[in-house]
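Dear colleague,

Please find below the sequence and structure that I am handing over to you. My findings follow directly after them.

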Number of protein chains: 2
Amino acid sequence: MVQVQPVEVVFHALANPTRRAMVERLARGPAIVSELAEPFDMALPSFLQHLKVLEGSGLVQSKKVGRVRSVRLVPDRLAPAVHWLTKQHRLWEQRLDQLDAYIANMEKEDD
Amino acid sequence: MVQVQPVEVVFHALANPTRRAMVERLARGPAIVSELAEPFDMALPSFLQHLKVLEGSGLVQSKKVGRVRSVRLVPDRLAPAVHWLTKQHRLWEQRLDQLDAYIANMEKEDD
DNA sequence: TGTTTACTTAGGTATTGACCTAAGTATTCG
DNA sequence: CGAATACTTAGGTCAATACCTAAGTAAACA
């Protein structure tokens, strides 16, 4: 039941400030929808679309109990994105020395 | 002249597979447009839109020399995204550890 | 100088994204 | 039971994204 979380949907989910704020909030603990939505100046249906995107990305799960839906982060779903990013970051920085000469040359006449 | 790179545009730039592939390619060194575009089954103008998004995100810079445009990564532009992600990842795992401890504790007192 | 090369610009389509309002439905409370 | 609460569904707008073709332009080559 552990479906693969492509880096794809995770980056897309995190490309939106509302959704990033939700993740930041949830990193401090689970919350119910109305609680989560409260800080945002947005109609509830709009907010729920963001929640759906986050759930679709696998970063978040929710469960309805009675008339209340509670939301929480799913463990380790950030890992693939973290790994992709840090790998690129490492490769990138490794190349810095070689790049430096090239940059110095390019910056003489940038267009 | 170092403009701030909001996590925003970086995540958006990386949310697309063509652009991620470009970044992966460029992490191995600079390239010219036609070289970069070659692996993609896409019309050149479409590909150039992706290049524009990457340049807009600050991750990449390009310069035209003669009729050829060369493209390279810009140092350290991934940093803000890496930092945001790793911070959340850390908080996330911390929080879940606490939860585990809490549950383990509850289960002890349970019997 | 004419042609090829390497983009570049212009303009078009189709889909997705981010919002909205209005009207549901299902629980819970008094 | 009736009203309030907490979403949920339906449907609509508008902008942005991801692609395309066709027709430029500017170097470089023969």
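In this predicted model, local features need pLDDT of at least 70 and side-chain atom pairs count only at pLDDT 80 or more, while totals for chains, interfaces and linings use all residues. Residues are numbered from 1 along each chain as its sequence is written, chains are lettered from A and ligands numbered from 1 in the order in which they are written, and side-chain values use heavy atoms, with hydrogens and water left out.

I begin with DNA strand D. A backbone N or O atom of Ala43(B) lies 3.0 Å from one of its phosphate oxygens, a polar contact (a pair of N or O atoms within 3.5 Å). The side chain of Ser46(B) places an N or O atom 2.4 Å from a phosphate oxygen of DNA strand D. Arg67(B), in contrast, has a polar side-chain atom 3.3 Å from a base nitrogen of DNA strand D.

There are 20 residues around DNA strand D, and among those that come nearest are Ser34(A), Arg67(A) and His50(B); a residue is near a strand if one of its heavy atoms lies within 4 Å of it.

Within chain A, Thr18(A), Arg19(A), Met22(A) and Val23(A) of α2(A) meet Phe47(A), His50(A), Leu51(A), Val53(A) and Leu54(A) of α4(A). Contact here means heavy atoms within 4.5 Å, and helices are DSSP runs (H or I, at least four residues) numbered from the N terminus.

Yours sincerely

How values were computed: A polar contact is a pair of N or O atoms within 3.5 Å; within protein, one must be able to donate a hydrogen and the other to accept it, and residues adjacent in sequence count only if both atoms are side-chain atoms. Helices (H or I, at least four residues) and strands (E, at least two) are DSSP runs, numbered from the N terminus.
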